Amino acid sequence: MQFEVWAPKAQERVDLHLEGTGRDSPDRGGGAGPAVLPMERDQGRPGWWTAETHAGTPGTTGAGTGVGPGHGTGDGTRYGFSLDGGPVRPDPRSRRQPEGPDGRSAVVDQAAYDWRVPWPGRPLPGAVLYELHIGTFTREGTFDAAAARLAPLAELGITHVELMPVCPFPGTHGWGYEGVSLWAVHEPYGGPEALKRFVDTAHGLGLGVVLDVVHNHLGPSGNHLPAFGPYFTDTHHTPWGAAVNLDAPGSDEVRAYLRESALAWLRDFRLDGLRLDAVHALADHRALTFLEELSTAVDALSADLGRPLFLIAESDLGDPRTTTPRTEGGLGLHAQWNDDFHHALHTALTGESRGYYADFAREPLAALAKTLTHAFFHDGTYSTFRGRTHGRPVDRTRTPAHRFLGYAQTHDQIGNRALGDRLSATLSPGLLACAATLVLTGPHTPMLFMGEEWGATTPWQFFTDHTDPVLAEAVRNGRRREFAAHGWAAGDIPDPQDPATRERSCLDRSEQAREPHAGLLAWYGELIALRHEQPDLADPDLAAVRVAYDEGARWLAYRRGDLRIAVNLSARDVEIPLDGLSTGGTGRVLAAWAPVEAPGADGVLRLPPESCVILADR
């Protein structure tokens, strides 16, 4: 079988180091002894080296490609590469790192797993997403433990779970954004086979699975890519240092490395989509951008597999071209997170006005109305936070609303706060219900963050498990310095390296049985059911949304087809004139957080404090 590696930095030789045969690999106490095989240059592919294992040597294919049917004896074989007599390093395209990022790679037989559930796929339009972190979704912090908790999400009406990154990183617990080995699965979570069991279980419940992948940087520890080739370039600089090489010499192979890893997640693990972290940090000045290449390849794979696949971007650019089809001059990604909606909603609920919230906080309901009807708040307007104009208008005549994800909370917006405090730490149950209503009845694709559905009181804090003590101390001190600038005392900031920080961040499901959590959970279920049952709530036409609001009285109402949604964010009763949002029907209450009557003949809705209602005109 063939092993291969792109190693243009090797001057004279590359050696393949093998350590055992398949399931009898060294950690199992048996199998063949170590072997060192010289590799040969591939004359047809500059920088590539290959080696064929002879008869009796583990039947494998390396370089992250796994093994084909009939060669399962090689599954688990440990291997690595050394360049010019240097240290043995893991395969850049490793599919498994049993001993972590610095250990030997292991061959994975992708055909060995027996998939139980035929899966036709589940598209993004009409979806309700649920972001979760494997390491804190349960205290066990594994794929198998998380899979056992998926049924309630399906019963709630969730359509897709969006996993935070699962690539290997040092230690056991972390957010996942400092991952390395971009083709592999974090072993403490259960490794690649456990991820397949998780996906299989999700699909059996009708849930699609989306994975967050990070292409804009790799973690500072365990990253061996620079030893092999020009994976990074000093041509550009990012907050993490040298940029991933997407446009300098050698970038063709780096692009292929990222593109093919993305396709492998979708193909080999039967994932339904990928969330692309911070695409605005991808420094790429080539005429054909990496994101266009990737969306083209994913669309082709979707056609080949016969099931829908999609890419969701996290982008800070406010640029609708991110999700505009390639045929219309865009990048062709299928959706993007919309932080503008979050910021408008957050300021309306909390009154916070620091940093990037400042512009939204001036008139938060006006900002919220704009994001409900135009997607972006900053669409060519001046951004005080940036000190310049920002964004570009969305063409509402040709841009369906489902291309924008709307949310009240995410891992970023909670975890990047000093104490990792959720909205439930400061808001009443009524205001949490209003937030849910705005997220789940808006024109965008809604997304929840794990535990939000019952108003979880557990924080979600920033935690790490760096094995390098120098790096651990640097992260700890850096976190404290960051928040000291905002008036926080160092002792008040949770220590990312303290295991208790991760423990505090694990969900406590016992809350669900108690009020007000039980009532909030029921409200989320009612809203999600309405979203699936009412075609008007799935209408992708942004231009059809009509909004009215009163900044001083703190109420907002909007029409979606024959439905009218109203929220009262104030602490007093309000009277909301709905005549301008009516389609001529008499009106009836479909769902309400607190007892409320439909508008009378005068067209005025009388809404109790901190409450919300969904009305049907017919």
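Let's start with R78, which lies in strand β6, residues 78–83. Strands here are DSSP runs of E of at least two residues, helices are runs of H or I of at least four, and both are numbered from the N terminus. What you have on screen is a predicted model, so local features need pLDDT of at least 70 and side-chain atom pairs count only at pLDDT 80 or more, while totals for chains, interfaces and linings use all residues. Residues are numbered from 1 along each chain as its sequence is written, and side-chain values use heavy atoms, with hydrogens and water left out.

Is R78 buried or exposed? R78 is buried, with a relative accessible area of 2%. By buried I mean under 20% relative accessible area, with exposed over 50% and partly exposed in between, using a 1.4 Å probe and protein chains only. A polar atom of the R78 side chain lies 2.8 Å from the backbone oxygen of G76. That is a polar contact: a pair of N or O atoms within 3.5 Å, where, within protein, one must be able to donate a hydrogen and the other to accept it, and residues adjacent in sequence count only if both atoms are side-chain atoms.

Now the rest of β6. Here 6 of the 6 residues are buried, so the strand is largely enclosed by the rest of the structure. R78, G80 and S82 point one way, while Y79, F81 and L83 point the other way.

Which strands pair with β6? Strand β2, residues 14–19, pairs with β6 in the antiparallel sense over 6 bridges, and L16 has F81 as its bridge partner. Strand β7, residues 105–106, also runs antiparallel to β6, joined by 2 bridges, with Y79 opposite S105. For pairing, DSSP has to find at least two bridges between the two strands.

There is also a sheet to look at elsewhere. It is an open one of 3 strands, in the order β1-β5-β4, with antiparallel pairing. Its edge strands are β1 (2–6) and β4 (40–41), each pairing on one side only. β1 pairs with β5, residues 48–52, over 5 bridges, and W6 stands opposite W48 in β5.

On to helix α8, residues 339–350. At 1.5 Å a residue, its 12 residues should span 16 Å, and the end C-alpha atoms are 16 Å apart, which agrees. The expected span is 1.5 Å times one less than the number of residues. At the start of the helix, a side-chain oxygen of N338 reaches to within 3.2 Å of the backbone nitrogen of D340. After α8 comes G351, with a positive phi near 80 degrees.

How many residues of α8 are buried? The count is 10 of the 12, so α8 is largely enclosed by the rest of the structure. Among them are D340, H342, H343 and H346. The buried residues pack against α9 (358–362), α10 (364–374), β18 (404–406), α11 (411–415) and α12. Contact, by the way, means heavy atoms within 4.5 Å.

Let's turn to the nonpolar cores. A core is a set of buried Ala, Val, Leu, Ile, Met, Phe, Trp, Tyr and Cys residues joined through side-chain atoms within 4.5 Å. The largest has 139 residues, and those with the most contacts inside it are F143, F198, W265 and L274. Helix α12, residues 429–441, gives the largest share of this core, 9 residues. Apart from it lies another core, of 12 residues, including A557, I576, V596 and V613. In soluble globular proteins, nonpolar side chains tend to be buried together.

Next, L211, which lies in strand β10, residues 208–213. At 2% relative accessibility, L211 counts as buried. Leaving aside neighbours within four places in sequence, L211 is in contact with residues including L163, W265 and L274. The C-alpha atoms of L211 and G603 are separated by 46 Å, and these two are 392 residues apart along the chain.

To finish, the whole chain. It has 15 helices and 26 strands. The radius of gyration is 26 Å, close to the 25 Å from the globule rule for 618 residues, so the chain is as compact as a globular protein of that length. That radius is taken over C-alpha atoms, and the rule is 2.2 Å times the number of residues to the power 0.38. Along its principal axes the C-alpha trace spans about 85 × 55 × 50 Å. Buried residues make up 58% of the 618.
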